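Please work through the exercises below with the sequence and the coordinates at hand. Each task is followed by a worked solution.

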Amino acid sequence: FFLFLLTPKSKGQRRSLSAYLSLSLSLSISILKNTSDSKNFKILKLDSNTMEQIQVGDSNIGGGNAWKDEVVSVGSRFDTLPEDCISMVISHTSPRDACVVASVSKTVKSASQSDLVWETFLPPEHSSLAPRSLNLPSKKAIYLSLADDSVLIDDGKKSFWLEKSSGKKCCMLSAMDLTIVWGDSPAYWQWITVPESKFEKVAELRNVCWFEIRGKISSRMLSKGTRYSVYAVFKRASNRSHGFDHTPVEAEVGFVGKEATKTFVFLEAGGTDPRGGYRYSGVSHGAVSRAFRTGRPWMRFPREEEEAESAESEVGRSVEEPKERGDGWSEVELGKIYMSDEGCDDGDEIEIALMETQMGHWKSGLVIQGIEIRPVKQGEIRVTK
């Protein structure tokens, strides 16, 4: 059985193995509390050479039914195995699981903190990423340094970090690493330094009517088997911007050479167009699409017409609006992309575009830090089976 545990696993098998570990190491009170909110639970411990039974009473939320009892059979004590064997099993789970099982016993804690475990959670290129000046004592320390703070790579044009709970790769393309139309012309864009940016330079929009930003990133910079969200990270210059308050911007995310996913976003928070009293907060994707097809400004559509358009086409889908971050910047989601295990090669590139070239009016007062790519949070994933 343990030979099976030590062999390489698919994503589904890793999930099953993680569940097994949570059960087999369920002597941890924290795991018991996560298993049930019930006040009625007990552990029946037999000798270490026999099976253990964990009986947990669970309440039926909403009332009406009595307690339900679930009996789970678990293999003989996990921490009687050699420490290297325990480390090998834990290495097939996740950083979060490794931290949870450390509370079970001294033996398991030592195994869960070993370099053998944390080496598997680190990307292959980790030795070139962790700052050598820190002189980190272990692989876990290196992992935590990459999860707690980002590091600059590619001559300071990108930043890289790990998602702390999963070890998935995250990356941000700086404005310097993007292709900005008219970006080299001081009359339209200027490159400035701001203290709240992680990069040396950011791009400040002075005045353009053709707004177009594009970026590319190699798929090897991201983790396979992972669904990512792509965000534009920006702010208003001196709390002022012009030309974006009532204009949706087109966004594209996809693999180079393949059809990209297209959507529309706002770079200003929603409100009402003061010139006509028309709503633009939460405007439907269908209304914006029609405006771009016909060349008619979408804000001219009254609320009733806009709602009818939404009902006819893309019900429930609205244009993304920016949200404030905790670092002094705002972000808006441009789209999602899945890095598959099988169909995605290291040589593949992802292209991101953000543009407004249809309306022809002038736009100014925006500061672009870059484009951030990070794993979709578990609660954000919409899965149909």
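The exercises that follow concern a predicted model.

**Exercise 1.** Determine whether Lys235 is buried or exposed, and identify its surroundings.

*Solution.* 
Step 1. Locate the residue: Lys235 belongs to strand β11, which spans residues 226–236.
Step 2. Apply the cut-off: buried means under 20% relative accessible area. Lys235 counts as buried because its relative accessibility is 18%.
Step 3. List the contacts, leaving aside residues up to four places away in sequence: Lys235 touches Glu196, Gly328, Trp329, Gly365, Leu366 and Val367.
Step 4. Examine Glu196: its side chain forms a polar contact of 2.3 Å with the side chain of Lys235.

**Exercise 2.** State which residues of helix α8 are buried, and what covers them.

*Solution.* 
Step 1. Within α8 (residues 139–148), the buried residues are Ala141, Ile142, Tyr143, Ser145, Leu146 and Ala147.
Step 2. The cover over these buried residues includes the helices α5 (95–101) and α7 (115–121), together with the strands β4 (151–153) and β5 (158–162).

**Exercise 3.** Describe the open sheet of 5 strands and identify the strands at its edges.

*Solution.* 
Step 1. The strand order is β7-β10-β18-β12-β13, with antiparallel pairing.
Step 2. The edges are β7 (179–180) and β13 (261–265); each has a single partner strand, so one side of each lacks a neighbour in the sheet.
Step 3. Inside the order, β12 (residues 249–255) and β18 (residues 349–356) run antiparallel and are joined by 6 bridges.

Key. Residues numbered from 1 in each chain as written. Predicted model: local features only at pLDDT ≥ 70, side-chain atom pairs only at ≥ 80, totals over all residues. Heavy atoms only, no water. Helix = DSSP H or I, 4+ residues; strand = E, 2+ residues; numbered from the N terminus. Buried < 20%, exposed > 50% of the residue type's maximum accessible area, 1.4 Å probe, protein only. Polar contact = N/O pair within 3.5 Å; in protein donor to acceptor, adjacent residues only side chain to side chain. Contact = heavy atoms within 4.5 Å. Pairing = 2+ DSSP bridges.
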